[in-house]
Amino acid sequence: MKLMIASDIHGSALYCSRMLEAFDREGADCLLLLGDILYHGPRNDLPEGYAPKEVISMLNERKEDLLCVRGNCDSEVDQMVLEFPIMAEYCLLVLPCGNGKDTVTVFSTHGHEYNTYHLPPLKGGDVLLHGHTHIPASEDILCFDGRKYQYLNPGSVSIPKEGSAHSYMVFEDGKFTWKNLEGEEYMTWTTDSRS
């Protein structure tokens, strides 16, 4: 199973198109979108190629390939024009580890509700996956009670911050790989590195 993960399109038809080109190039089985699909939000400038109606059309054509969670800029009005569900606050994925025997639970959300400051119910070894910050991340987090989990963030497709690339992630064979929209790898984390 190959999963592509992206976040924070914010209505950019230009970057949505480039993301879908990357999805086709990757040959992934599913595209997980971590929210903020159509609206740019009041704190962001308009992204290059801002055209939410074009994004609606592009994504509706791919509705069978998509799994989505709701971002803080996503609303019921957005759901009315999108032909795939976007209003879930989170989804749990149980993914195979690289050794082929074990699994890892991935709590996937946007990041405005559940994040490293407000944790969802995780157990040691789980992964917290979210967008929202527009900054790619792979961090070991140690809770006060001794539980350790991994925080992963794909960055933003259209409005990257802190000098990061327009990016996405791929999960395959127990490994998360961060790539820019041209497909160049720049970071990895493997599920087998969990302790």
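View 1. T177 touches Y168, M169, V170, E185, M187 and T188, not counting residues up to four places away in sequence. A contact means heavy atoms within 4.5 Å. The residue is found in strand β10. Helices (H or I, at least four residues) and strands (E, at least two) are DSSP runs, numbered from the N terminus. T177 is buried because its relative accessible area is 7%. Buried means under 20% relative accessible area, exposed over 50%, and partly exposed in between (1.4 Å probe, protein chains only).

The model is predicted: local features need pLDDT of at least 70, side-chain atom pairs count only at pLDDT 80 or more, and totals for chains, interfaces and linings use all residues. Residues are numbered from 1 along each chain as its sequence is written, and side-chain values use heavy atoms, with hydrogens and water left out.

View 2. Helix α1 covers residues 13-26, 14 residues in total. An α-helix has 3.6 residues a turn, so residues three or four places apart point the same way. G27 follows α1, with a positive phi near 65°.

**View 3. G100 in a loop.** G100 lies between β4 (90-96) and β5 (103-109). It counts as exposed because its relative accessibility is 64%. The C-alpha atoms of G100 and M80 are separated by 40 Å. These two residues are 20 places apart along the chain.

Terms used:
The expected span of a helix is 1.5 Å times one less than its number of residues.
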